[in-house]
Amino acid sequence: MLKYIVKRILMLIPVLLGVSVIVFLIMRVFSPDPAPIVLGQHATAETVEKWREANGLNSPIYIQYFDFIKGAVTGDFGTSYYTKTPVMKEIMSRFPATIELAIAAIILASIIGILIGAISAVKKNSIFDNSGMILALIGVSMPIFWLGILLIILFSGILHILPSGSRIDPLLQPYGGTGFYMIDTLVSGDMEAFVDAVKHLVLPALALGMYSMAIITRMTRSSMLDTLNQDYIRTARAKGIKDGRVITHHALRNAMIPVTTVIGLQLGSLLGGAVLTETVFSWPGIGHYTVECILKSDFPVVQGIVLLIACIFVLINLVVDIFYAFLDPRIKFSKKEA
Amino acid sequence: MKLKDLKADVEENSLQQALPLEKPESRLKEMWEALRENNAAVVGLCIILFLILVAILAPLIMPYDPNLSDMSKSFLKPGPDHWFGTDQLGRDILSRIISGARISLTVGLSAVVISLTIGVVLGSIAGYFGGKADIIIMRFMDMMLAIPSILLAIAFMAALGKGIDKAVIAIGLVSIPEYARIVRGSILSVKENDYVQAARVIGNKNSRIIFKHILPNVLSSIVVRATLGISTAVLDTAALGFLGLGVQPPVAEWGDMLGRARGFIFTAPYTLIFPGLAITITVLAFNLLGDGLRDALDPKSRKN
């Protein structure tokens, strides 16, 4: 097992190096020169040249790449072209917001998804099942940003019960701490701020989690249906175990194995979805910031963020694979390696 | 069965006798028959046909010029003159949605053609030849998959510049790995079959074996993926449009319409509801058809 994990971690290195090459090529080779964008169209040739020199853009492209990789290994992605702040600092100031949103979304999606999926499977072909499946189908077909807009119209515009954007009321904002407002407000014992942060989190988390919720619902349903047809379920029923216990202790537990994988993979894809959700809800996270930086050609920041997101994404995949094998002892690592 | 044994087998028997080939047309026909029994898929197909018809007949059925602005008519609520209301520049929203159907369907289909073509070629090479080619291609695909597709598409757009043609390329490029993976997997599962080995033994070229003997047999899974791929491409197009990276004004595109109307979310919500509904219905239709096709091919999922 340990050998497998070490091997998988080592295999991540070329993937991440490749990701860095792809991002580097897109941003530095194929993108237009950032100098006129950063300095403005009226900058003199001399200013542009000076700026390019100062930011290492006049060196040969492979030198630029090696400089970037050398820094990246030590966590130094350079400084933003605009704010002159270290990229890592820029990322870290926004990262908790995105992680908090993604975790809230996946928790919401998992609870509702598993619940609807399991009940749909048990009550197959009932009205509940059919409505659940229609809801799931709409969930995968609806653009995240439109769902966000609809939620804002309903809950902020019509019902006036939830805020339409940002993370917290500026007057209640916690300073210092972890950057995770749920934790910071709880630790400081400021319940008013905590409730306000939760209220701000509900709509973006629902919008971001809807797609995952739909996928989890479908997966849980089909996995439960497969499990409910197994011999051991019949045996459990024949032994006289109550229906509820058979479903929760025998069927659901086994049906959860593939669902866990899907939940893990969805957590990774939420980082992509955050780009759109954060834009709709003016959520000060990394997704919205990345779009801004790509459009402003702030290369160092984009490279840092994409590499970091790719890192998280592949690590989640690895953890899911290991967890999957752990949950289902029938899976042999050697088989997967082949 | 080893190649040597097979050679002997082929020599002894006539090829036709030894290896009955399944015609791809019969597979597609079988798929069509199963599809017709699936009500949801038929609904999806009907919606798609309707959308195609709307896109083709757009110039004839649009009640107004979709790009004609008239500030005296801005923010008219939905009514008999303007069924879906008018936007901030007084343009008829229904006409813009009809016009947008052309863009969404064209971009969706074109992006899938790009990703499908490149994905099939790369997946075929990786699956059929294996070895180093397989490792290099699939590792590259893994690298692309490690970056969230929408981020990658935005990065491509930043490099290529704004515009709907660029959006097609960006969306097409980011979906390549999915097709490459599916084709590679399908090829691996059929390449050891007797009929492929026999085709090799009788001296067919690799390209002929891939295109004539292997791909037609994995066509069905590619068709399913492509149908679902169109829905993803429509969603991605709308997302890029929403972020202001898609069409150039005044062209009507559903995502762009949403992005530009965002500021009027509380004052004129109808400017946001109808374009979003158009995206959702289109994506839903392709999902229904794609799911139906998958069920038609896979008796196991049909059972569920």
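Hi everyone. pLDDT is the predictor's confidence in each residue, from 0 to 100. We need that because this is a predicted model, where local features need pLDDT of at least 70, side-chain atom pairs count only at pLDDT 80 or more, and totals for chains, interfaces and linings use all residues. Residues are numbered from 1 along each chain as its sequence is written, with chains lettered from A and ligands numbered from 1 in the order in which they are written.

Let's start with confidence. Chain A has a mean pLDDT of 88, with 97% of its residues at 70 or more. Within chain A, α7(A) scores highest, at 95, and helix α14 (residues 333–337) lowest, at a mean of 46. Helices here are DSSP runs (H or I, at least four residues), numbered from the N terminus. Residues 334–338 of chain A fall below 50. Where pLDDT is low, the predicted coordinates should not be read in detail.

Nonpolar means Ala, Val, Leu, Ile, Met, Phe, Trp, Tyr, Cys and Pro; charged means Asp, Glu, Lys and Arg; the others, Gly among them, are polar.

Finally, a helix pair inside chain A. I91(A), R94(A), F95(A) and T98(A) of α5(A) meet I286(A), G287(A) and Y289(A) of α12(A). By class, this contact has four nonpolar, two polar and one charged residues. Thanks, all!

Key
Helices (H or I, at least four residues) and strands (E, at least two) are DSSP runs, numbered from the N terminus. Two residues are in contact if their C-beta atoms, placed from the backbone, lie within 7 Å.
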